[in-house]
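Welcome! Have the structure open beside you and try each task before reading on.

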Amino acid sequence: MKGAPVRRLLRLLMVPLAAMALAALAVLSVGAPSAHAATDLSTVAAALREGPVYVDPAATDLLSSADAEALADKIEDADEPIFVAVLPAGYPSENLFQNLRTETGVTGLYGVRLGDRFDARADSSVLSQEAVANLVTAVQGAGDPKAQLNDFVDDALRSNPGGTAPSSWSDGGDAGVDAGALAAAGAVVVAGGVGAYALVRRNRRRKEEERREALAKLSVVVDEDITAFGEELERLDFHPAEAGADDAMRADYERALDAYEKAKSLMAATTRPEEVRAVTQTLEDGRFSLAQLAARREGRPLPERRAPCFFDPRHGPSVADVLWAPGVGTAREVPVCAADRARLADGEDPMIREVETVSGARRPYWDAGPAYGPWAGGYYGGGLLPGLLVGTMLGSMMATPSYAAMYGSGYGDFGAASGYGGGDVSGGDFDTDDFSGGFGGGDFGGGGDFGGGGDFGGGF
């Protein structure tokens, strides 16, 4: 009993034992199903820590098991911190979002279908107040719960929420499972009269495959850079004991050699696209050492530390900034090497670094896709990269929290691409204003009236 059937059964049965016990007590404490006692919020939170969708035992008429599973698959495939709870109409709504967020202790976007009403809240680091209000407004007339919740999740994913899904969702992946253990677990659930289920599934393989493909393309480009740097070292033909060599020259040469070896070592150990940034940063350091060495040998003034040539970092440190526009893009000042400055002055095109896109075509690196962000970030870090890439495909992609979640942040103050913490465990330490106010659609819990044009009652 392996493969998809087992994983499907796991998603239905793998709820923390404490949560199952609480749910069972809630169901058994009443004499008839119609008199269902409210499931303790800690049970809901425990289930959401294990999977993105929770359906209360008394709300299974709102969302079927298959539909809930499909919704959970969609969220986990996107690897985003989106939580959905489906609760019965009579569920206590006072301070619902704030208390749920406290119980889960996980940064994210929370959507709750409560009977025939829907509302949502989010940590401001994941989505802004305006974004959440717009999401809720857009799905208020979406019809049945299945359509509404799917529309909500689809819209939320297009909004580029910050961060990634909680690591706790990875429990119970694709490993083989003892059928007897599953049967025993099923018996416990049935015996307890529990109709609740937590949808647990780790399906981040799509994103991991994207990362692997991105790293494969980056490896080709970085290997070219390392090879080019090694060839520069050979062409230099410097010998530490040669006539005229001094300690400063030898130190420059040693730093360049160290950078070459370090870049090779770092690249050999790289397993994720964002780690490439350290490699190209090391190469940039090494090329500057070579520029210093060349100036000392030729008796020229030492060069100032400048960014590499924008058109191709292999050209070495830039010598000036010139105004240039990428095709139909916005003109901006970019650092250029002496050769490219001369070409532009003569009305010629610069020598632009082209790399392979997903489709196999060759394009300038700034128009070849998001995978080249870490590569460029190592060369043009420290806040320089944002200005250089304004208006380009790569620049637009890197200015989103979803890019940071996929390829890593750390490119200086680059819009929204840094500082997002979706999926992080914060416990009860969060901004309660983000989750305050009454539940949508009316006066519940003394909070705000959501129906009044997006007023969340002080929190949002």
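**Exercise 1. The surroundings of a helix**

Which elements do the buried residues of H7 pack against?

Solution. Keep in mind as you begin that you are looking at a predicted model.

Step 1: find the helix. H7 covers residues 145-158 and has 14 residues. From its first C-alpha to its last it reaches 20 Å, close to the 20 Å expected at 1.5 Å a residue.

Step 2: pick out its buried residues. They are Pro-145, Gln-148, Leu-149, Asn-150, Phe-152, Val-153, Asp-155 and Ala-156.

Step 3: look at what these residues pack against. The partners are H4, strand S2 (82-87), strand S3 (109-114), strand S4 (117-122) and helix H6 (129-139).

**Exercise 2. Checking the length of H4**

Step 1: the expected span takes 1.5 Å times one less than the number of residues.

Step 2: now see which side chains are hidden. In H4, the buried residues are Ala-68, Glu-69, Leu-71, Ala-72, Asp-73, Ile-75, Glu-76 and Ala-78.

Step 3: Asp-79 follows H4, and its phi is positive, near 60°.

**Exercise 3. A glycine in a strand**

Find out which residues Gly-111 touches, leaving aside those up to four places away in sequence.

Solution. Step 1: Gly-111 sits in strand S3.

Step 1: its relative accessibility is 1%, and because buried means under 20%, Gly-111 counts as buried.

Step 2: list the contacts. Gly-111 touches Phe-83, Val-84, Ala-85, Phe-118, Asp-119, Ala-120 and Phe-152. One of these, Phe-152, is also among the buried residues of H7.

Step 3: compare sequence with space. Gly-111 and Ile-82 are 29 residues apart in sequence, yet their C-alpha atoms are 7.8 Å apart.

**Exercise 4. Two cysteines**

Solution. Step 1: count the disulfides. The structure holds 0 of them. Cys-309 is in no disulfide, and the nearest cysteine sulfur to its own belongs to Cys-337.

Step 1: compare the distance with the cut-off. A disulfide needs sulfur atoms within 2.5 Å.

Step 2: check burial. Cys-309 has 0% relative accessibility and counts as buried. Cys-337, at 5%, counts as buried too.

**Exercise 5. The largest pocket**

Describe the space in the largest pocket and the residues that line it.

Solution. Step 1: the largest pocket holds about 440 Å³ of space.

Step 1: its lining is made of 21 residues. Those nearest its centre are Glu-232, Leu-290, Ala-291, Ala-294 and Pro-317.

Step 2: assign the lining to elements. Helix H9 (205-236), helix H11 (276-298) and helix H12 (338-345) each give two or more residues. H11 gives the most, with 6 residues.

Step 3: sort the lining by class. It has 10 nonpolar, 3 polar and 8 charged residues.

**Exercise 6. Along H9 and past it**

Decide whether Asp-225 is buried or exposed.

Solution. Step 1: locate the residue. Asp-225 is in helix H9.

Step 1: at 0% relative accessibility, Asp-225 counts as buried.

Step 2: see what surrounds it. Not counting residues up to four places away in sequence, Asp-225 touches Leu-283, Arg-287, Arg-314, Arg-353, Trp-375 and Tyr-379.

Step 3: move on to Asp-237, in the loop between H9 and helix H10 (247-269). Its phi is near 50°, a positive value in a residue other than glycine. Asp-237 is partly exposed, with a relative accessible area of 47%.

**Exercise 7. The whole protein**

How many helices and strands does the protein have?

Solution. Step 1: the secondary structure comes to 16 helices and 9 strands.

Step 1: of the 460 residues, 50% count as buried.

Step 2: take the contacts between residues at least 6 apart in sequence. Of these, 67% join residues at least 24 apart.

Definitions and conventions: Residues numbered from 1 in each chain as written. Predicted model: local features only at pLDDT ≥ 70, side-chain atom pairs only at ≥ 80, totals over all residues. Heavy atoms only, no water. Buried < 20%, exposed > 50% of the residue type's maximum accessible area, 1.4 Å probe, protein only. Helix = DSSP H or I, 4+ residues; strand = E, 2+ residues; numbered from the N terminus. 1 Å grid on protein atoms, 1.4 Å probe; cavity = no way out; pocket = protein on both sides within 12 Å on 5 of 7 lines; lining within 4 Å. Points joined across faces, edges and corners; volume = space filled by probe spheres on them. Nonpolar A, V, L, I, M, F, W, Y, C, P; charged D, E, K, R; others polar. Contact = heavy atoms within 4.5 Å.
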